[in-house]
Amino acid sequence: MKDIETLLLEYGPLLVFLNVLLEQAGLPIPAYPLLIVAGALIAHGDLSWPLTLLAAVLACLIADSGWYAGGKRFGSGLLSTVCRVSISRDSCIRQTQSLYWRTGPRVLLVAKFLPGASALSTVMSGFAGLPFGVFAAYDGMGALIWAGSALLIGIIFNDMVGQVLGVLGAYGGYGLLAIAVILAGYLAYRWMRRKRTIRRFAHVRRVTLDELDDMQARGCVPVLLDVRASSDDPLPGAIAIDPRGPIGEEPYHWPLDAHIVVYCACPEEISAAVLADRLLKAGYRNVCALAGGYEAWRARQGAADAVSPASVRVSGG
C-alpha cells in the first residue's frame with residue numbers, strides 16, 4: 001500500500017485526475033481513498049493542494065458532462081442502461097427520478113456521496129433539460145465539496161493515514177481478501193433477494209402492446225396506470241399514481257371487474273407488478289402489467305415516427 005504514496009509523489013495531480021476521471025466515468029476504481037492519502041501528503045508539503053483539488057474537480061466535470069450529454073441525447077434509455085448494472089436496479093430508476101424531481105439540480109451538491117447516485121443524477125440533469133451552465137455550476141460545486149472533504153480528512157488525520165497505510169502494507173493481502181469475501185457475499189445476497197422479488201410477482205399477468213391494442217379494438221378500454229416517478233409524456237389516457245399509495249381512496253373508484261393495465265419504466269416491470277399485486281389482493285380481478293413498460297411504448301412510437309416520413313415520400317413520389 002505504500003505504492004500509493006510513491007505513485008502520488010511521482011505523478012501527483014495527474015494520478016488524482018486519472019483516478020477520479022475513471023471512477024466518475026463508471027469504472028469500479030474508488031477515488032475517495034486516494035484523495036485522502038493525497039490530503040495527508042499535502043499536510044506534509046509533498047503535494048500542492050490547489051493543483052490536486054483542481055485536478056479532481058476538472059476530472060469530475062469532464063466525466064459528468066459526458067453523462068449529462070448522454071442523458072440529453074438518449075434520455076430515459078441511458079438511465080435504464082445505467083440502472084441495469086445497479087444491484088438495486090428495479091427501484092433504481094424510480095428512486096433516482098423521484099429524488100431529482102423533488103430536489104432539482106441541488107442533488108448534484110451531494111450526489112457523489114450517495115452510492116450509485118452520481119452518474120444517475122447527471123444523466124437525469126440532461127434528461128430533464130437542465131441548462132448546461134446551471135448543471136456545470138451545481139456539478140462543479142458538488143465536485144468541490146466531495147473532493148475537498150476527502151483532502152481535508154487527509155490533512156487533519158495525516159498521522160493516522162500514515163499508520164493505516166503502514167498496517168495495510170504489512171497485512172494488506174489479508175485485508176483485501178476479507179473485503180473481497182464480504183463484497184462477494186453482499187452481492188450474492190442482493191442477487192438472491194432480487195430473484196426472490198421477481199418470483200414473488202411472477203404471478204402478475206403481463207400484457208403486450210399488441211394485446212393492449214386488441215383490447216381497445218374490441219371496445220374494452222382498460223384503465224391505464226402510470227407508476228413512473230415522472231408522468232411526463234404518458235401513454236394516452238394514463239393516470240399517474242403512486243404504486244405504494246393507499247388503495248381505497250382516490251383515484252381507486254373503478255368497478256372490481258374493470259380491466260386495469262399498470263406500466264412503469266423499470267426492468268421486469270417490477271414497480272408495475274407491485275401495484276398490480278396490491279390491486280389483485282384488494283379484489284380487482286382483471287389487473288396486469290404492461291410487458292416492456294414505458295420503454296416498449298416509446299420504442300414503438302420511435303419506430304412509427306421513423307417509418308412515417310418514408311411512407312410520405314413513397315406516396316408523394
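**Close-up 1. Strand β2 and its side chains.** In this predicted model, V223 and L225 point one way from strand β2 (residues 223-226), while L224 and D226 point the other way, and all are buried, where buried means under 20% relative accessible area with a 1.4 Å probe and protein chains only. Strands here are DSSP runs of E with at least two residues, and helices are runs of H or I with at least four residues, each numbered from the N terminus. Residues are numbered from 1 along each chain as its sequence is written, and side-chain values use heavy atoms, leaving out hydrogens and water. Because the model is predicted, local features need pLDDT of at least 70 and side-chain atom pairs count only at pLDDT 80 or more, whereas totals for chains, interfaces and linings use all residues.

**Close-up 2. The neighbours of β2.** Strand β2 pairs in the parallel sense with strand β4 (residues 259-263) over four bridges, pairing being assigned if DSSP finds at least two bridges between two strands. Within β4, V261 stands opposite L224. Strand β3 (residues 239-240) also pairs with β2 in the parallel sense, over two bridges, and A240 of β3 is the bridge partner of D226.

**Close-up 3. The open sheet.** Five strands, in the order β1-β5-β4-β2-β3, form an open sheet with parallel pairing. Its edge strands are β1 (206-207) and β3, each of which pairs on one side only.

**Close-up 4. The pairing of β4 with β5.** Strand β5 (residues 286-290) and β4 pair in the parallel sense over four bridges, and C288 in β5 stands opposite V261.

Conventions:
Buried means under 20% relative accessible area, exposed over 50%, partly exposed in between (1.4 Å probe, protein chains only).
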